[in-house]
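Visitor: Please take a close look at a single part of this structure, and describe it together with its surroundings in one connected account.

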Amino acid sequence: MTILCVRFQLPPASEADLPQLLGMLEEFTPVVQALPPDGALADLRGAERYFGRDAVDLASVIRVRSLALYGVDCVIGAGPGPMLARVALRDAVPGTTCAVPDEPDAVVEFLAEKPVAALPGVGAATARTLDDYGLDTLGRVAAAPLSTLQRLVGAKTGRELHEKANGVDRGRVVPNAVSRSLATERPFGRDELDPGRHRRALLSAAEEIGARLRALDKVCRTLTLTVRYADRSATTRSRKLNEPTAHSPALTRAAYGMYEGLGLQRARVRAIALRAEGLDPADQASYQLTFDPVDERVRRIEEVADRARAKFGPRAVMPGGLAGRAA
């Protein structure tokens with residue numbers, strides 16, 4: 001096992017602690033890939049040789065250091081590749097490391113009884129399609145003819161599913177900089193059922209992300225929404241924006257669109273987080289010109305509001321939907 005998938009047990013509203021935890025992982029290996037909002041992949045091939053210990057032993061050291069230095073426990077999956085490490089993470093519990101065996105036959109056996117949705121990147125729609133044809137476990141998917149899978153879910157997806165179900169892991173850990181993303185989280189005082197309060201939290205988070213981007217003269221290309229529920233599960237959705245932007249109304253529209261797409265009904269929501277990713281300098285971003293005077297007016301008002309907030313505080317100017325509310 002050379003790859004670790006680590007999920008830190010961060011309390012609500014503590015996503016800002018992720019960068020320093022990733023820095024702790026980088027003390028073991030420079031090949032660390034963030035998995036916002038609370039996880040990371042770490043390639044320990046070089047670390048195993050340097051420290052003279054295998055990945056499972058190093059995972060124990062990482063867990064102890066995370067607890068001792070930051071008071072944060074973590075769950076860890078280990079495997080010969082990123083996909084297998086992420087699957088192993090599903091079976092991991094705090095205090096232990098779930099490791100996938102390194103032998104091909106053992107890998108296939110480990111995956112056989114797992115549901116199809118255990119594979120990273122397999123969504124609910126694909127899982128339902130396969131389940132309708134009795135392909136509800138990875139073992140059955142691995143045994144199915146490739147041509148059958150390709151007819152059901154498409155040529156590319158079918159080929160990838162067949163390979164992954166048979167333990168073929170072609171992924172790699174891609175180091176990325178935490179500075180290329182900005183995140184904010186809105187926890188609720190109690191598990192919240194009201195969609196109106198969910199939307200106000202989204203509006204508040206989008207306004208903050210937009211203001212922070214403009215203060216840094218940055219724009220983002222992708223917005224990611226994470227909704228945390230009362231049972232500690234979470235749903236994450238990402239949307240590539242039509243154009244790189246730091247415009248708060250555009251970020252709000254994207255956030256609302258992702259939220260509506262979840263189709264939540266009576267969901268008990270514990271926290272909502274937004275992350276802006278793919279940050280680029282604002283002066284290098286293209287901007288679609290428009291003849292709409294309203295759009296130009298809104299952007300000018302936004303500039304004035306930013307100056308007012310910089311002088312009088314972040315709540316000096318805010319959307320009417322947030323006025324008089326602690327958001």
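**A strand residue and its surroundings**

Guide: Thr224 lies in strand E7; strands (E, at least two residues) and helices (H or I, at least four residues) are DSSP runs, numbered from the N terminus. The model is predicted, so that local features need pLDDT of at least 70 and side-chain atom pairs count only at pLDDT 80 or more, whereas totals for chains, interfaces and linings use all residues. Residues are numbered from 1 along each chain as its sequence is written, and side-chain values use heavy atoms, with hydrogens and water left out.

Thr224 has a relative accessible area of 8% and is therefore buried, a term for values under 20%, with exposed meaning over 50% and partly exposed the range in between (1.4 Å probe, protein chains only). Its side chain makes two polar contacts, defined as pairs of N or O atoms within 3.5 Å in which, within protein, one atom must be able to donate a hydrogen and the other to accept it, residues adjacent in sequence counting only if both atoms are side-chain atoms. One, of 2.7 Å, is with the side chain of Ser238; another, of 2.6 Å, is with the side chain of Glu277. Leaving aside residues up to four places away in sequence, Thr224 touches residues including Met258, Ala273, Leu274 and Arg275, where contact means heavy atoms within 4.5 Å.

Strand E7 (residues 218–229) runs antiparallel to E9, to which eight bridges join it; two strands pair if DSSP finds at least two bridges between them. Tyr229 has Val269 as its bridge partner in E9. Strand E6 (residues 181–192) also pairs with E9 in the antiparallel sense, over eight bridges, and there Arg186 is the bridge partner of Ile272. Strand E9 (residues 269–277) is largely enclosed by the rest of the structure, because seven of its nine residues are buried.

Two loops complete the picture. Asp217 lies between H10 and E7; its phi is positive, near 55 degrees, in a residue other than glycine, and at 54% relative accessibility Asp217 counts as exposed. Arg266, in the loop between helix H11 (248–262) and E9, likewise has a positive phi of about 55 degrees although it is not a glycine, and is exposed at 68%. Most residues other than glycine have a negative phi.

Helix H10 (residues 195–215) is capped at its N-terminal end by Asp194, a side-chain oxygen of which lies 2.9 Å from the backbone nitrogen of Gly196. Among the buried residues of H10 are His198, Glu207 and Arg214.
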